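Student: I have the sequence and the model open, and I would like to know what stands behind the words used to describe them. Can we take the terms one at a time?

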Amino acid sequence: MPSERLSSSRLEAFSDGVIAVIITIMVLELKVPARDVGNLAGLHDVLPLVLVYLLSFMQVGIYWVNHHYLIDGLKQVTHGILWSNLAMLFCLSLVPVATNWVGARGISSFSIALYSAVCAFPGIPWMILSSLICYRTNQRPPGGMLKQIVSVTLYVGAIPLAFVSPYISLGMIALVGVVWLLPPREIVELTRNSTPPPSHSH
């Protein structure tokens, strides 16, 4: 039936699969140094990629967690929701490329500017997606729209700042991750209300 074809369960399953592949691709790019490189020197060589991988994993994870929050109350999807979700997933799929670029070229002004731009790309389709879904579910977007706007602003601001200091740009991207690691207030309240009271033993 049409209502079954438009169910949000297929959207959620497809999105989870794509995000899992994105994370898998990133971890496959972590290579063991060549044998002729000493242990400490080899660790030093791969350290930038490992750190950027952790940052990328956190960025992708933030979208996955909030995507779960976002579609939790969605019963049916629309044409706009499907395409904005695809646009968001496409932008996320570029994260492994930018991560590997930093690993191959090192932390430089251009590589971090490119990485910052790729981090900013999913923000626009995500805001469109969250607006469309929240319109249908009559709920607030996870974390609120202001939090989303501030995050995209930090990502975009990190692009030109990479040519001043790549590490400041990475710090701005990490700041976005720290902010989103805090669960939305409505999720905390929902979890608190659904937690059964402790039993009293005699």
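Tutor: Start with a cut-off: a residue is exposed if its relative accessible area is over 50%, buried if under 20%, and partly exposed in between. Keep in mind that this is a predicted model.

Student: Why is F163 called exposed?

Tutor: The relative accessibility of F163 is 52%. The cut-off for exposed is over 50%, so F163 counts as exposed.

Student: Where does F163 lie, and what is it in contact with?

Tutor: F163 is in the loop between α8 and α9. Setting aside neighbours within four places in sequence, F163 is in contact with S109, F110 and A113.

Student: What makes S151 buried?

Tutor: S151 has a relative accessible area of 7%. Buried means under 20%, so S151 is buried. The residue sits in helix α8, and beyond its neighbours within four places in sequence S151 is in contact with V176 and W180.

Student: Why is V46 called partly exposed?

Tutor: The value for V46 is 22%. Buried would need under 20% and exposed over 50%, so V46 is partly exposed. V46 belongs to helix α3, residues 39-71. The C-alpha atoms of V46 and G103 are separated by 7.2 Å, although these residues are 57 apart along the chain.

Student: And N138, which class does that residue fall in?

Tutor: N138 has a relative accessible area of 70%. Exposed means over 50%, so N138 is exposed. N138 lies in the loop between α7 (123-137) and α8.

Student: What makes the phi of N138 worth a remark?

Tutor: Its phi is near 60°, a positive value in a residue other than glycine. Most residues other than glycine have a negative phi.

Student: What makes α6 and α8 roughly antiparallel?

Tutor: Helix α6 (residues 109-120) packs with α8 at an angle of about 165°, with the axes 8 Å apart. The cut-off is over 145 degrees, so α6 is roughly antiparallel to α8. α6 passes α8 in a left-handed crossing.

Student: Which residues make the contact of α6 with α8?

Tutor: A113, S116, A117, C119 and A120 of α6 meet Y155, V156, A158 and I159 of α8. The residues of this contact divide into 8 nonpolar, 1 polar and no charged.

Student: Why are α2 and α5 called roughly parallel?

Tutor: Helix α2 (residues 8-28) and helix α5 (residues 95-105) pack at about 15°, with their axes 9 Å apart. Angles under 35 degrees count as roughly parallel, so α2 and α5 are roughly parallel to each other. The crossing of α2 and α5 is right-handed.

Student: What meets what between α2 and α5?

Tutor: I22, I25 and M26 from α2 meet V95, P96 and T99 from α5. That contact has 5 nonpolar, 1 polar and no charged residues.

Student: How many helices and strands does the protein have?

Tutor: The protein has 10 helices and 0 strands.

Student: What can be said of burial and contacts over the whole protein?

Tutor: Of its 202 residues, 38% count as buried, the class for a relative accessible area under 20%. Among contacts between residues at least 6 apart in sequence, 79% join residues at least 24 apart. The accessible surface comes to about 11,800 Å², and 69% of that belongs to carbon and sulfur atoms.

Key. Residues are numbered from 1 along each chain as its sequence is written. This is a predicted model: local features need pLDDT of at least 70, side-chain atom pairs count only at pLDDT 80 or more; totals for chains, interfaces and linings use all residues. Side-chain values use heavy atoms; hydrogens and water are left out. Helices (H or I, at least four residues) and strands (E, at least two) are DSSP runs, numbered from the N terminus. Buried means under 20% relative accessible area, exposed over 50%, partly exposed in between (1.4 Å probe, protein chains only). Contact means heavy atoms within 4.5 Å. Accessible areas come from the Shrake-Rupley method with a 1.4 Å probe; for residues, only the protein chains shown count as cover. Axes are lines fitted to C-alpha atoms, for helices over the stretch in contact, and angles run from 0 to 180 degrees between N-to-C directions. Angles under 35 degrees count as roughly parallel, over 145 as roughly antiparallel, 65 to 115 as roughly perpendicular and the rest as oblique. A crossing is left-handed if the near helix is turned anticlockwise from the far one by less than a right angle, and right-handed if clockwise. Ala, Val, Leu, Ile, Met, Phe, Trp, Tyr, Cys and Pro count as nonpolar, Asp, Glu, Lys and Arg as charged, and the others, Gly among them, as polar.
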